[in-house]
Amino acid sequence: MTTYADLLAGTAKQIRAGAEPLRTDRLWTADEALDAIGDFHAVLDAIASHTRRLLWPAQIRRIGLTSHRDGAPPSERAAIALAAGIETLVGEARPHPSQLDPGTTPWRQAAMGLRAAADLVATHFHFDGRPRTPDAAAINTCALDAGLVQLGRLAATVLAAEDPLALRALQAGVRKAVVGKQLPALGRLADLARDLSAVDDGRSSDTMPPLEALPQTWTPIRTDDPVTELGDRMHRLRQATFDMTADPADALATLRDITTIGIAVHAHTAAFHGAQPIAGPEPTLCARGAEALVLRGRAWQALHRELSRFLTLTPPRATVRDDLIALACLLPTLAPLDARANSATLAAQASRRVGASLNGAVATMTDIGEHSAAAFAAIASTGTLRLNARDLPRDLVADDPNLAEAKLRSALIAPPAALTNAVIGAFDDVCAHPIRALASMATTDRGHSQAEPQVEAMKLVLADPDR
Amino acid sequence: MSTTWTQPAQTLISEATAGWEGIWSLTYAAGFGALNLAMSVPLGVGVSISYAAMDFRDAQDELEWARPNLRAIATALRLGHVRDVDDTAEARAILDQLAAAALDRAAGLAEIELDLSDQAALSRVMSRLITGRAKVTGRWA
């Protein structure tokens, strides 16, 4: 799946491809030279509009922060100056003329890639800067600043081609006045780009920055390969649970159904890692490694039962049933429950790929657990939860005469706070990764979720001893 | 096993009415029993039973959306945990019998219900019961 990083990598490649011929080949006609200058403007314009796009959520988030009162951070100041300088050069006509023609040259394709990347970012945010997706929720202002720094590097690369381009244009017969007007010694813009690219972007070497990991918001399900299909469907489930946090009114049935996938994902992954969940003895509470996955499956089972107590007042508007059915078919294909050997230690690439995908699914379930907990808490806070009093646990009823009477009458009641808190507590049990001591590395070949980078090295060490 | 699940289940199957209440009672018992059975057996064995519990519960939801008072008035038989893992096969069979009984009654009711929305609800209930039976008996896995 295409990510922001993919689009920017393609853009950088096209920018280099556009600049290279200027070093070795002449432009043969004035028209050819003017076209090249137009393409040069197109890339710069795309950089400016992309810069504005990244500044938009960052500036909204900074409103009211102390740092804002003290002035914008260096990266933002440099980015604004760079974008304004570019806009002065290329004009403010919208759409930019380059957008109306097909991208047939490397620089035009670079511009197209940059605009696509800007649109990709935009689809992750609401118009007021709120995140629309869990990936966007992981992006803070530092990540956006790091994105501006990346743009500064691209701008510096593009602007370095100004002098060769001006010389080639003169060589091709373009009048000096025209060259001077279209390429008016952009040294100041180059300085701004260099300043921007020199800002510390806070990038660490071992994790992919969240901005670069941004995938498409719409998840196409690729059904040609079970491994990629598993990743796609888990990604879509994560998005569905994230959406429920914003509108949880009818989410209860969906939350309940999702717990079954939590059970299945952990059981199949445990089987892949040799835990023998069909025959093996029940692991102890301090179990580590693959057995910790069995315990996590049990935690999802407990959650399934807890959520089943409550009445589902309305049918869910958006169901995840298609994904659940597909996952229920996929998981046995990838990791049969009756496996007797540990497949995680096999060196075969196919086996490693399946392992990475399953581990990614386990990590994604922690995100799903977190979003589900938020959705359930939101439902509980609205006071719309109901259950039959006969489904109340005995210990709750014993101390409360009203509840006891309701239980005798099998009355429909609002659940006591102790019960909803217990369910929220059950969600807490599934939010952290079952295996804590993880090295970092991405695992699936789709866009990387926040949790996925932690999964590759799931070498089945040290589970949380408190669990 | 036969002392904890068989007797009450057989009683419910023979005494449940042919109407909405009877279907709900049978479906509820199957769903509740599946939840408890899934937690009583090894996790890997419980996966398909949890899927079945999901389907039975979805069927129960469909019934309650069609007749919102069922949850309050219909008989709710709660099948508890299965203590002996060796009884798993028999427990699966009992859940299957409960679901089959609910399915028969739903099919019969759909024949005489005149309201189109009720017929549609019963169709969805039957669909869930069929898939739930397939999962609980292991035919689907």
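**Fold and interface**

Analyst: In chain A, residues 24 or more positions apart account for 81% of the contacts with a separation of 6 or more, where contact means heavy atoms within 4.5 Å. This is a predicted model, in which local features need pLDDT of at least 70 and side-chain atom pairs count only at pLDDT 80 or more, while totals for chains, interfaces and linings use all residues. Residues are numbered from 1 along each chain as its sequence is written, chains are lettered from A and ligands numbered from 1 in the order in which they are written, and side-chain values use heavy atoms, with hydrogens and water left out.

User: How many helices and strands are there in chain A, and how much of it is buried?

Analyst: Chain A has 18 helices and two strands, taken as DSSP runs numbered from the N terminus, with H or I over at least four residues for helices and E over at least two for strands. Of its 467 residues, 54% are buried; buried means under 20% relative accessible area, exposed over 50% and partly exposed in between, with a 1.4 Å probe and protein chains only.

User: OK, the interface. How many residues does each chain give, and what area is buried?

Analyst: Chain B contributes 33 residues to the contact and chain A contributes 38. Between them the two chains bury about 2,900 Å², with 55% of it on carbon and sulfur atoms; this buried area is the accessible area (1.4 Å probe) that two parts lose on being put together, summed over both. On the side of chain B, B:Leu43, B:Trp65 and B:Arg71 supply 25% of the area buried against chain A, more than any other three residues.

User: And how many salt bridges or polar contacts are there across it?

Analyst: There are six salt bridges between chain B and chain A, each being a side-chain nitrogen of Lys or Arg within 4 Å of a carboxyl oxygen of Asp or Glu. One of them joins the side chains of A:Arg256 and B:Asp58, at 3.2 Å from N to O.

User: Which element of chain B gives the largest share?

Analyst: Helix 3 of chain B does, with 15 residues on the side that touches chain A. That side of chain B divides into 18 nonpolar, six polar and nine charged residues, where Ala, Val, Leu, Ile, Met, Phe, Trp, Tyr, Cys and Pro count as nonpolar, Asp, Glu, Lys and Arg as charged, and the others, Gly among them, as polar.

User: What does A:Thr260 touch?

Analyst: Leaving aside neighbours within four places in sequence, A:Thr260 is in contact with A:His304 and A:Leu324 in its own chain and with B:Ser50, B:Tyr51 and B:Met54 in chain B. A:Thr260 sits in helix 12 of chain A and is buried, with a relative accessible area of 1%, and its side chain reaches the backbone oxygen of A:Asp257 at 2.5 Å.

User: Switching topic, how many aromatic pairs are there?

Analyst: The whole structure has six aromatic pairs over all chains, meaning rings of Phe, Tyr and Trp (its six-membered ring) with centres within 6.5 Å, whose planes count as stacked under 30 degrees apart, edge-to-face over 60 and tilted for the rest. Among them is the tilted pair of A:Phe40 and A:Trp107, at 5.7 Å centre to centre and 55° between the planes. A:Phe40 lies in helix 2 and A:Trp107 in helix 5 (residues 106-123) of chain A, so this pair ties together parts that are 67 residues apart in sequence.

User: Are those two buried or exposed?

Analyst: A:Phe40 is buried, at 0% relative accessible area, and A:Trp107 is buried too, at 4%.

User: Last one: where does A:Gln276 lie, and what is its phi?

Analyst: A:Gln276 lies in the loop between helix 12 (252-272) and helix 13 (290-308) of chain A, and its phi is near 50°, a positive value in a residue other than glycine. Most residues other than glycine have a negative phi. A:Gln276 is partly exposed, with a relative accessible area of 27%.

Methods: A polar contact is a pair of N or O atoms within 3.5 Å; within protein, one must be able to donate a hydrogen and the other to accept it, and residues adjacent in sequence count only if both atoms are side-chain atoms.
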